[in-house]
Amino acid sequence: GSAQWVVANILAGPLVDLAPVLTALLAPGGRLLLAGLLVEQAEAVIAAYAPSVELANADQQEEWVLLAGEKC
């Protein structure tokens with residue numbers, strides 16, 4: 001991949017399904033931002049992107065979470 005940034009704001013299910021595609025788009029050191037998921041879905045999404053991208057909770061507004069990470 002060659003993208004320095006990939007941003008996706010969709011539901012948790014599609015984010016998990018797209019993990020191989022989105023991580024393949026990222027250049028080494030590229031940043032990934034994922035939104036559109038609920039707090040209780042965050043761990044499943046984080047697990048889907050490991051070990052390629054180490055995601056963490058970057059922001060939360062009510063029950064909605066923004067995950068951010070960098071490709072290893």
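Which backbone oxygen does the side chain of T23 reach at 2.8 Å? I looked, and the backbone oxygen is that of A19. The side chain of T23 also reaches the backbone oxygen of P20, at 3.3 Å. I count a polar contact as a pair of N or O atoms within 3.5 Å; within protein, one must be able to donate a hydrogen and the other to accept it, and residues adjacent in sequence count only if both atoms are side-chain atoms.

Ground rules for my notes: this is a predicted model, where local features need pLDDT of at least 70 and side-chain atom pairs count only at pLDDT 80 or more, while totals for chains, interfaces and linings use all residues. Residues are numbered from 1 along each chain as its sequence is written, and side-chain values use heavy atoms, with hydrogens and water left out.

**T23**

I found T23 in helix α2. Helices (H or I, at least four residues) and strands (E, at least two) are DSSP runs, numbered from the N terminus. T23 is buried, with a relative accessible area of 9%. My scale is: buried under 20% relative accessible area, exposed over 50%, partly exposed in between, using a 1.4 Å probe and protein chains only. Not counting residues up to four places away in sequence, T23 touches Y49, S52, V53 and K71; contact means heavy atoms within 4.5 Å. I also checked T23 against E40, 17 residues apart along the chain, and their C-alpha atoms are separated by 22 Å.

**K71**

I did find backbone oxygens by a polar atom of the K71 side chain: that of T23 lies 2.8 Å away, and that of L26 lies 3.0 Å away. Leaving out residues up to four places away in sequence, K71 has contacts that include A24, P28, G30 and S52.

**W5**

I went to strand β1 (residues 3-9) for W5. Buried or exposed, I wondered about W5? W5 is exposed, because its relative accessible area is 53%. Beyond its neighbours within four places in sequence, W5 is in contact with L26, R31 and L33. The C-alpha atoms of W5 and L25 are separated by 8.9 Å, with the two residues 20 apart along the chain.

**L18**

I placed L18 in the loop between α1 (12-17) and α2 (19-25). L18 counts as partly exposed, at 31% relative accessibility.

I noted that the peptide bond from A50 to P51 is cis, with omega near 0°. P51 lies in the loop between α3 (42-49) and β3 (53-61). In the loop between β3 and β4 I stopped at E62, where phi is near 55°, a positive value in a residue other than glycine. E62 counts as exposed, at 71% relative accessibility.
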